[in-house]
Amino acid sequence: MSTTYTFRIEGMHCGSCALLIDDVLEDLPGLRSTQTSMKRACTVVELAPGGATAADVIAAVEELGYAARHMT
């Protein structure tokens, strides 16, 4: 069973920023889906058990220069 997480993303300026984040997240192990929205300033990811974690998603986004935090 997979788990869905929503992360607040700060620093996106255009749709290309959202596409870049999705592109990088798609390389994480166990990622089933990702959808980043510049308008909503968030990304929603579905992770499979035993793969990447929420912390891995935050680290990947922050490596691109954006701020990310898990929303509850």
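**Helices, sheet and local features of the chain**

Helix H2 (residues 54-63) lies across S1, S3 and S4. Helix H2 runs at about 155° to S4. Such angles range from 0 to 180 degrees between N-to-C directions, with axes as lines fitted to C-alpha atoms, for helices over the stretch in contact. Contact means heavy atoms within 4.5 Å. The model is a predicted one, in which local features need pLDDT of at least 70 and side-chain atom pairs count only at pLDDT 80 or more, while totals for chains, interfaces and linings use all residues. Residues are numbered from 1 along each chain as its sequence is written, and side-chain values use heavy atoms, leaving out hydrogens and water.

The chain has 2 helices and 4 strands. Both kinds of element are DSSP runs numbered from the N terminus (helices H or I, at least four residues; strands E, at least two). Starting at the N terminus, the order of elements is β-α-β-β-α-β. Helix H1 (residues 15-25) lies across S1, S2 and S3. The angle between H1 and S2 is about 170°.

The 4 strands build an open sheet. Their order in the sheet is S2-S3-S1-S4, and the pairing is antiparallel. S2 and strand S4 (67-71) stand at the edges. Each has a single partner strand, so one side of each is left without a neighbour in the sheet. From one strand to the next, the twist averages 25°. Strands count as paired if DSSP finds at least two bridges between them.

Strand S1 (residues 3-10) is joined to S3 by 6 bridges. These two strands run antiparallel. Within this pairing, Thr6 stands opposite Val44 of S3. Arg8 faces Cys42, also in S3. Leu31 stands opposite Leu47 in S3, and Thr36 stands opposite Thr43 in S3.

The hairpin of S2 and S3 has 4 residues between the strands. Ala41 is found in this loop. Its phi is near 55°, a positive value in a residue other than glycine. Most residues other than glycine have a negative phi. Ala41 counts as buried, at 15% relative accessibility. Buried means under 20% relative accessible area, exposed over 50%, and partly exposed in between (1.4 Å probe, protein chains only).

Gln35 is found in strand S2. Gln35 counts as exposed, with 52% relative accessibility. Leaving aside residues up to four places away in sequence, Gln35 touches Asp22, Cys42, Thr43 and Val44. The C-alpha atoms of Gln35 and Ile21 are separated by 9.0 Å. Along the chain, Gln35 and Ile21 are 14 residues apart.

The structure holds 1 aromatic pair. Its members are Tyr5 and Phe7, with ring centres 6.1 Å apart and planes at 35°, so the pair is tilted. Rings of Phe, Tyr and Trp (its six-membered ring) pair if their centres lie within 6.5 Å; planes under 30 degrees apart count as stacked, over 60 as edge-to-face and the rest as tilted. Tyr5 is partly exposed, at a relative accessible area of 23%. Phe7 is buried, with 0% relative accessibility.

For the chain as a whole, the radius of gyration is 11 Å. This agrees with the value near 11 Å for a compact globule of 72 residues. The radius is taken over C-alpha atoms, and the globule rule is 2.2 Å times the number of residues to the power 0.38. Along the principal axes, the C-alpha atoms fill a box of roughly 35 × 25 × 15 Å. Of the 72 residues, 36% are buried. Among contacts with a separation of 6 or more, 62% come from residues 24 or more positions apart. The accessible surface of the chain comes to about 4200 Å². Carbon and sulfur atoms hold 51% of that surface. Accessible areas come from the Shrake-Rupley method with a 1.4 Å probe; for residues, only the protein chains shown count as cover.
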